[in-house]
There are 2 protein chains.
Amino acid sequence: MSATRVRFEFQAAASGSGRRGTLTLRGRSTPTPAFMPVATQGTLKGIHARHLPRLGFHALLANTYHLALRPGEETVRALGGLHRLMDYPGIVLTDSGGFQVFSLATRRALDDDGVTFRSHLDGAEVRLTPERAMAIQHALDSDIAMVLDECPPAEAARGELERACDRSLRWARRSLQAHRALGAERACFAIVQGGRDLALRAAMAGELARDDFDGYALGGIAVGEDAATIRDQAERFAPLLPAAKPRYLMGVGSPREVVAAVRAGIDLFDCVLPTRNARNGFLFSRAGTVKIRHAEHARSTAPVEEGCPCTACTRATRGYLRHLFLADEMLGPILATEHNLVFFARLMEDVRRDLEQPGAIDWSWLERDAA
Amino acid sequence: MSATRVRFEFQAAASGSGRRGTLTLRGRSTPTPAFMPVATQGTLKGIHARHLPRLGFHALLANTYHLALRPGEETVRALGGLHRLMDYPGIVLTDSGGFQVFSLATRRALDDDGVTFRSHLDGAEVRLTPERAMAIQHALDSDIAMVLDECPPAEAARGELERACDRSLRWARRSLQAHRALGAERACFAIVQGGRDLALRAAMAGELARDDFDGYALGGIAVGEDAATIRDQAERFAPLLPAAKPRYLMGVGSPREVVAAVRAGIDLFDCVLPTRNARNGFLFSRAGTVKIRHAEHARSTAPVEEGCPCTACTRATRGYLRHLFLADEMLGPILATEHNLVFFARLMEDVRRDLEQPGAIDWSWLERDAA
């Protein structure tokens, strides 16, 4: 029995490995499969988080590394925790900070107890241990905390991967212990590493399954690989995760990757793709990505995507959006971000309906999706 | 009789020169005195214009110079004009472009027929004449077009001011003629120049009053002067404008300036102050400007201003806003902009109520207003 009050109920799809479920904790609930937008610094860029449930997002991800450095977890705690800070009523998942330490921080020094690094903001020396990662996430008041793990590069040699898995396993258990000592109502998810090595992944997943984590994630998959490789890994590794718990594919992904991973049995996703692409002027559409800066849209009164209910598509034209981007007006990224989020919300609605009613959704547009 | 279908009705205040009125044209209406936020490039920075009526703004200003250079008035026309472009149902006033030509453009060459300049965006040579300024504003589909005028610097010598007034008077008449040739349903406002010289201002106002413009503006007042000088000029020059028509004080201003000018009989204002200050982290409050980046707000759960109904004050804390500004997150300027606009909307509500019910408003906070 899990010590936390996390409820995850799902129905296996009529065919395939997909699962249609509901994840509930601390009085908050999201249908699954769910895509979590990324509120890196405690905000989605350009959108107030209170709008997310209306757009269709009942869970989001915030970054422990960024928030611990600025404004600092004790400031977030003093301001009432992430839910109150952002005015977000949905589920908040925080990563452990590990991934950013390994990708952003400078001068890392890794030891068995933890990792010391210098902040990318001001060079300040910071120490992160499994216990500290959980304490920070507790101070941030997230609903789901991730264990601290070592994130070796995707191209690491087998020996390095093995050592990273061993260390990450020990850190995961220390994280869980620290998490339980901090109180039981939050969830703690484990992370399975192991690169592209099925045996390593299987061994680590097997070890982690012996502990009663509230959910299990696949880490180290969306770290620069191409889309086909990501899909391939999601399909191979998803079945390694315990079937009764939520399965989370970290940092993924594009519509095609999400759809493929759901079919392999993944329940949760997070990715900056919709919001980052929006700010760069790349707008999702079932008819193919709309590059809104392109001259062809200059006098177009068409919406970005026919039938999309977002503000950009119902209240603005492609021509106006293009003007806003070329004139470097904030409203461009704001409207584009809402559009891409609504696109992903509708994608996930389709994904869930497809699990309830196989064949209900026409996915032929996915073949055209270049992302 | 005016050839346009502009209706301006007002009641003189029980005491003083203030007027409480309503300006109606093309089926659109705003209570006066009114403050027009500035949508320089066809958008308020960070706020979709459809929200403005709800916030309390039934008129806004857009800049002819900027829009003519990018995206170009024919593109705006192709996209349905400014109202459809921005999805704004209120009154749109466009300036003539003259002010920006004299303040932003490079290599100006002025002659009696018009002005040739190079765009600050790409150096392209552009020609602006009174007729062209009206044609552009017509293409933009604004409700109120301003005549093209020459804008000499505030410190210009009397001879230069005289010559500029003479030229501006001729240009105003050519503008009105061009405006009428383009169709009668829009309004055309004249601009009185003359620097700080009462006799020059009076002479030019007298001349312009002989033509039946739909409104009269004071130009060249808010161009770098200090607040006391602006208030002094507004009070001295407002009575020069025809009493039966809307009176517009261009580019003004701060709460103290607006309140003083309303008492002198001004009906319309525009200024970037609320929106620009917001982006710089200066938030208006009756208790004094809140400099939101300051460390004192780091862990403050207080709203920017008690009793303010805006999103920033009801859904966020000073601590969160400070974090958003320090982290360079778009949501900071977005929330700050809404707050400052709501502050000005409530200011204008108070201004109008004060005219209806003298003594109803406690203005003592204005003395503390540093802006």
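Is A:T317 buried or exposed? At 13% relative accessibility, A:T317 counts as buried (under 20% relative accessible area, with exposed over 50% and partly exposed in between; 1.4 Å probe, protein chains only). The legends below start from that residue.

This is a predicted model, in which local features need pLDDT of at least 70, side-chain atom pairs count only at pLDDT 80 or more, and totals for chains, interfaces and linings use all residues. Residues are numbered from 1 along each chain as its sequence is written, chains are lettered from A and ligands numbered from 1 in the order in which they are written, and side-chain values use heavy atoms, with hydrogens and water left out.

**View 1. A:T317 in the loop between α12 and α13 of chain A.** Helices (H or I, at least four residues) and strands (E, at least two) are DSSP runs, numbered from the N terminus. The side chain of A:T317 reaches the backbone nitrogen of A:Y320 at 3.0 Å. Beyond four places in sequence, A:T317 is in contact (heavy atoms within 4.5 Å) with A:S300, A:T301, A:A302, A:A312 and, from the other chain, B:L79.

**View 2. The interface of chain A and chain B.** The contact draws 38 residues from chain A and 38 residues from chain B. The size of an interface is often given as the accessible area lost when the parts come together. Here the two chains bury about 3400 Å² between them (accessible area lost on being put together, 1.4 Å probe, summed over both), and 59% of it is on carbon and sulfur atoms. Four salt bridges cross the interface (a side-chain nitrogen of Lys or Arg within 4 Å of a carboxyl oxygen of Asp or Glu). One of them joins A:E329 to B:K45, with the closest N and O atoms 2.5 Å apart. On the side of chain A that touches chain B, the elements giving two or more residues are α3 (73–78), α4 (81–86), α12 (311–315), α13 (318–326) and α14 (331–356). Of these, α13(A) gives the most, with five residues.

**View 3. A:E305 in the loop between β16 (290–291) and α12 of chain A.** With 6% relative accessibility, A:E305 counts as buried. Not counting residues up to four places away in sequence, A:E305 touches A:F284, A:S285, A:R286, A:C313, A:H339, A:F343 and A:R346.

**View 4. Helix α10 (residues 255–263) of chain A and its cover.** Seven of the nine residues of this helix are buried, so α10(A) is largely enclosed by the rest of the structure. Among the buried residues are A:P255, A:E257 and A:V262. The cover over them includes β4 (34–36), α9 (227–237), β13 (247–249), β14 (268–270) and α14 of chain A. After the helix comes A:G265, whose phi is positive, near 105 degrees.

View 5. Leaving aside neighbours within four places in sequence, the contacts of A:F269 include A:F35, A:Y248, A:V258, A:V262 and A:M348.

**View 6. B:P53 in helix α1 (residues 52–55) of chain B.** At 22% relative accessibility, B:P53 counts as partly exposed. B:P53 touches B:H58, B:Y88 and B:P89, not counting residues up to four places away in sequence. The C-alpha atoms of B:P53 and B:Y88 are separated by 8.4 Å, with the two residues 35 residues apart along the chain.

Note on methods
A polar contact is a pair of N or O atoms within 3.5 Å; within protein, one must be able to donate a hydrogen and the other to accept it, and residues adjacent in sequence count only if both atoms are side-chain atoms.
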